[in-house]
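Here is a short note for a colleague who is new to this structure. Please read it with the chains in view.

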Amino acid sequence: MAFDSFSAFITMDGHGPYVWACYAVFFVLMLVMMIGSVRSRTAIIESCRRGYEFQTDKSKVAATSAPSASFERVNVSQD
Amino acid sequence: MNAEARPEVRLASSSVGALAAMKGVFARDMKVAFRQRQDLLNPLLFFIMVVTLFPLGVSPEVSFLREAGAGILWVAALLSVLLSLDHLFRHDFDDGTLEQLVLQPQPLFLLILAKTIAHWMLTGLPLVVLTPVLGVMVHLDGNSIAVLCLTLLIGTPVLSLIGAIGAALTLGLRSAGVLLSLLIIPLYIPVLIFGTGTVAAAAEGAAVGAYLALLGAFLMLALTLAPFAAAAALKISLSNG
Amino acid sequence: MWQFFHKLGSPKWFFGISARFMPWLLAGGVLLLMAGVVWGLAFAPKDYLQGNSYRIIFIHVPTAFMAQSIYIMMASAAVVTLVWRMKLADVFVKAVAPVGLVLTFLALFTGAVWGKPTWGTWWIWDARLTSMLILLFLYGGVIALDRAINDEKSAARAVAVLVLVGVVNIPIIKYSVEWWNTLHQPASFKLTEKPTMPPEMWVPLLLSVLGLYLIFGWLACIRMQTEILSREQRTRWVKEFVMRGRS
Amino acid sequence: MRFTHRPDYGALMSEPLLQAVNLQCERDKRILFRELSFSILPGTVTRVEGPNGSGKTTLLRILAGLNDAWTGELKWRGSPVDSQREEFLRNMLYLGHRPGIKPLLTPLENLRALMAGRRQVSDAALRQALQGTGLAGFENVPCRNLSAGQQRRVALARLLIADEPLWLLDEVFTAIDADGVQALEALLLQRAAEGGAVLVTTHHDLDLPGMHKLTLGAGGLSDEC
């Protein structure tokens, strides 16, 4: 141990705030990045799953035909 | 159609050399630019205005201006080149001439080199010509002005060449102008450092030959590599559009 | 050989193999990093010149080292993207660029905070910090370009060109910044130059560098997996993988 | 001149100019077409058909080499296009949606610039080509003062002096009047008769004698599952 006491370890001869701030920011950012990466992975898996389930539901209903354009006037009522 | 009736294929007979093709590209860009002279003046006016901001915004004192003058002029020149880069390929992209450029049976990097040379003649070179006037306005001495002009003469083509890569990469994107600056400014830093450093060395009475040679080396490097990168980038951007 | 190369480029293959490595990468990385940091913070001797503030080195050097090596890795991947059009390579570039950005920022931040007790000022235009700042800009440019292009393939190839242009420039930038630095403030006090660093100092430093390297490996894997999943949503193997937990 | 060894006549006849094998193009996660294979034989006019969004323009851009987001094989006279890029470009003429005309330049200057990287053509020939597209008297008027149809005619003037056997024409009939359309149709047929090959996309009702058709599907989402 390079320090005589725990309080000496914390203050580090007055350099404590600098050292601890660095380590805090480092660990916070690393953690945020790591958790964020895990989360976005779960999120994408979740959204895929929902997509697949939606797909199977849709195919159960009916095989829809491709939409074709009719260019019919849409009646917009004025009153 | 039956096979007997099918005539023989006649392939394209001749082609022109790459140099003639480069001349064609260069001539067209020059012609287009001179049909729109106002656009030629814009980077120059911008250059002058940015330089004017420093005495107004920081200090009109002779000592400050003499010390910072070279840097101010270099930064202003860099920014006005940056400003003009957005147009390097954009109009050609919009009206379809860029497609036809890419489809010429010529090495694309040479055609881009020709376009970049035209761009430099229309922006970089006028800036160099204007520099002595502005140099006097920021109280640089004659020797410094001469060295500054020399560094800009070697440095601005590098700016155009590197800029061509950025312009090609951001072609057809939304907010391409801002993005272009973000991509390109970091790459401009070495040119800026050696450009202003050379003038600073000259002001201290040191020999500047070595520094100018180094700037020349930058130019050679940019001349050999940048057109290839810009050609690759251009193909990617066109493929996207 | 060629077949192996193609297999290496297959996202599906990567997905399987990376899943096996990842727990080890994470566990090893965290263990080594913690060992290095705790040793460095509590047990390594005090520096006779800078006092305890030097203990920032145990995270400053690893982040700075990683920030640079990630860019080099991205450049190698960019070559693979442009030459062989391997899908995995552009997935890699896209996945790790933000990690590089964060680590570069951390290197800058720790450097600046270290500067305060050492030089008495938060920011000094020191050659190292300045080139780190420029590296931060380069990372920012890469990410911005990637975001700006909608089409995945075009984005990957445009980014690859940009990364390569950047990597050609990095030595030039470094050299010019160092030259500029000596021009403006000759013989300044250097941060880390200690040719005779005792083993009690460099061993924990080595540990934390290795640890961060492994954690980066884990981050790269998981982020690449995310990217692969989103790109290959419509393939059968992703569907099987996603629906495995169900039914 | 160019070829010291000439292949025998019969082989030359059957050789396709351009061959596409298993083309697949995916754009924004949508497959435009897949397993698309065809040959373009000399002496043919081919119309590329399909509804909006089926990838007609994309196909032409791929063939021209402007779009490279595709997989498969493209062969120019039997060998891959990639290995003979310049040779291919020398023999291919592409006209796209955007006419490739600078609004600030005159038709003559535009045409001169377009030909600069390809072949030496005398000004007299350029003028004649412009006259052929009905632009006599407009040779020296800046193109921005011309109508959309006239601007397109400037681009079309290239067809009158073209010696490229392969033409890829994307929507060239747009903004062209009825007389112009008729003349253009004749021009395409003439090119085919001379041993060239023409690929054309159009919304105009084009039906030339002996015309081939290349129909693209409606595309669709790429669902492999």
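**Notes on chains B, C and D**

1. Five pairs of chains are in contact, and among these pairs chains B and D share the most contacts. Two residues count as in contact if their C-beta atoms, placed from the backbone, lie within 7 Å. The model is predicted: local features need pLDDT of at least 70, side-chain atom pairs count only at pLDDT 80 or more, and totals for chains, interfaces and linings use all residues. Residues are numbered from 1 along each chain as its sequence is written, while chains are lettered from A and ligands numbered from 1 in the order in which they are written.

2. Not every pair meets. Chain A and chain B do not touch. Their nearest C-alpha atoms are 24 Å apart.

3. Now the side of chain B that touches chain C. Here 23 residues of chain B are in contact with 25 residues of chain C. Helices H8 (142–169), H9 (176–203) and H10 (209–240) of chain B each supply at least two residues of that side of chain B. Helices (H or I, at least four residues) and strands (E, at least two) are DSSP runs, numbered from the N terminus. H9(B) gives the largest share, twelve residues. By class, this side of chain B has 19 nonpolar, three polar and one charged residues. Nonpolar means Ala, Val, Leu, Ile, Met, Phe, Trp, Tyr, Cys and Pro; charged means Asp, Glu, Lys and Arg; the others, Gly among them, are polar.

4. Look next at helix H4 of chain B, residues 87–95. Its buried residues are B:Leu88, B:Phe89, B:Asp92, B:Phe93 and B:Asp95. A residue is buried with 20 or more other C-beta atoms within 10 Å of its own, exposed with 12 or fewer, and partly exposed in between; C-beta atoms are placed from the backbone. The cover over the buried residues of H4(B) includes H3 (62–85), H5 (97–102), H6 (108–122), H8 and H10 of chain B. Just after H4(B), B:Gly96 has a positive phi of about 90°.

5. B:Ala213 sits in helix H10 of chain B. Is B:Ala213 buried or exposed? B:Ala213 is exposed, because 10 other C-beta atoms lie within 10 Å. The C-alpha atoms of B:Ala213 and B:Ile154 are 9.6 Å apart, with the two residues 59 apart along the chain.

6. In chain D, strand S3 (residues 44–49) pairs in the parallel sense with strand S8 (residues 197–201) over five bridges. Strands pair if DSSP finds at least two bridges between them. D:Val48 stands opposite D:Thr201 in S8(D). S3(D) also runs parallel to strand S9 (residues 212–215) of chain D, joined by four bridges. There, D:Thr46 has D:His212 in S9(D) as its bridge partner.
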